[in-house]
Amino acid sequence: ENRQLLQHRMGHPARAWVKTFGCQGNVADSEKIMGLLLDMGCEPAVSEQEADIILYNTCAVRENAEVRLMSMVGELRRLKQKNPTMIVGLCGCMMQQEEVVQQIRRSYPFVELIFGTHVLHTLPQMINRLLKGERRVVDCYEGEGRENPIAEGLPIQRSGGVQASLQIMYGCDNFCTYCIVPYVRGRERSRRSEDVVREAEALVAAGYKDITLLGQNVNSYGRGLDEDVDFAELLRKVNAIPGDFRIRFMTSHPKDATERLFAAMAECEKCAPHIHLPVQSGSDRILRAMNRGYTAEKYLAQVDLARKYIPDLVLTTDVIVGFPGETEEDFLDTLALTEKVRFDSMFTFIYSRRPGTPAAKIEDDTPRSVIQNRFDRLVESAGRVSAELHRAQEGKTFRVLIDGTAKNGDYTLSARTAGGRLVHLHGDESLIGSWANARIVSSNTFALFGEITE
């Protein structure tokens, strides 16, 4: 029915455009949204300007994302005036925040479709209501009593290439005091292992060679399921699928990263020797204030244990600078921990206040200039360590997966080592999607540069 109604409204097959903000979880949701739209008879639009349906899948993690979104939505007004039959919609995490939704309703009357993360699977019904005459359809999360289901079997329109993401769970139960995710994504729910394995098998059959298992905290996978399976066991099940492919995963929470996980990683030959283990701070006082559930000492012990099981482990992390109340001493604890661990790469952030989270209520008079100075010192340290670790790879040969093009001097291809390190190579685009042996000839802070060998 939607196919006919869309054709009648637009006068031609509707062209759909989905723009994604935020994490890989949002990217996976957008692939389902586009899959549902194509299932209704839509075609992918070649640009936003030519689209008949525009959906922005939003992120609520950073404060400036909200400002940026409002500016971009305002610009859509011109497109709507030019094409009055166009459907403009907003979805995702930001649409789970009541004050944002109210602002959209007041300030942007041309936004006809607003929905949260939990009702993505009902998109055809929501669009049907619009096509049958409702002026605006809004379906956003309204509290603890609302069911947050897992919808299996949705059509997925992946972007192609050699890498694919596979959602194994949704939501989060951790309630770190700075983080809005549990409030906008709901409580933790794991998919049944047979559904995960079936989707992974389909990805391998379709030619994907690099599969990332996604969850806010993959280490707590399996809780609440009526089957006896944890994340380590899920890794083994996916590893048992025939084929030449790699398994990655993110994100791991340090409080739940166990010896069972490290043992499974070492045991599974397809599992990448890489773990992203966000430490966030090296100060026990700040870690308590963040409600992270571990100490710096416990984190360091986990790193030692992981490296014992996986000697060639590539370790990456997230660090927040400027959490409310952070002192210079707290920051120096963080700097000392990162220098001791020597992360291959660090994703560093200045604390972003999120209304509705416990940390947002903490008073803090630390000048922005002081926080920026600490941030710059951390970035300098992280860059120096990354450059040193990359330099140590020079002269080595790695089996890499060539996954795309590069524009870095005369290097034309990008590839990844098993540990996820970026490698730039010379070669023809026809090599994309293939494995190669690459000898590393030089490096910088961010990448390795290699030559393909026989």
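## Strand pairing around E19

Two strands are taken to pair if DSSP finds at least two bridges between them. In this predicted model, strand E17 (residues 422-425) meets that criterion with strand E19 (residues 448-453), the two running in the parallel sense over two bridges. Within this pairing, His424 has Phe449 of E19 as its bridge partner.

E19 also pairs with strand E18 (residues 435-443), here in the antiparallel sense and over six bridges. Asn437 lies opposite Thr453 of E19. Four residues separate E18 from E19, and the two strands form a hairpin.

## Helix H4

Helix H4 spans residues 98-107, and its buried residues include Val100, Val101 and Ile104. Viewed down the axis of H4, the buried residues fall within an arc of 100 degrees, and they therefore line one face of the helix. The face of H4 turned away from this buried side carries Glu98 and Arg106, both of which are exposed.

## The largest nonpolar core

The largest nonpolar core of the model comprises 57 residues. The residues with the most contacts inside this core are Ile168, Phe231, Leu235, Phe249 and Met265. In soluble globular proteins, nonpolar side chains tend to be buried together.

Leu235 illustrates the contacts made by one of these residues. Leaving aside residues up to four places away in sequence, Leu235 touches Leu213, Ile247, Phe249, Leu261, Ala264, Met265, Cys268 and Cys271. Phe249 and Met265, both in contact with Leu235, are themselves among the residues with the most contacts inside the core.

Notes:
Residues numbered from 1 in each chain as written. Predicted model: local features only at pLDDT ≥ 70, side-chain atom pairs only at ≥ 80, totals over all residues. Heavy atoms only, no water. Core = buried A, V, L, I, M, F, W, Y, C linked by side-chain atoms within 4.5 Å. Buried < 20%, exposed > 50% of the residue type's maximum accessible area, 1.4 Å probe, protein only. Contact = heavy atoms within 4.5 Å. Arc of directions from axis to C-beta.
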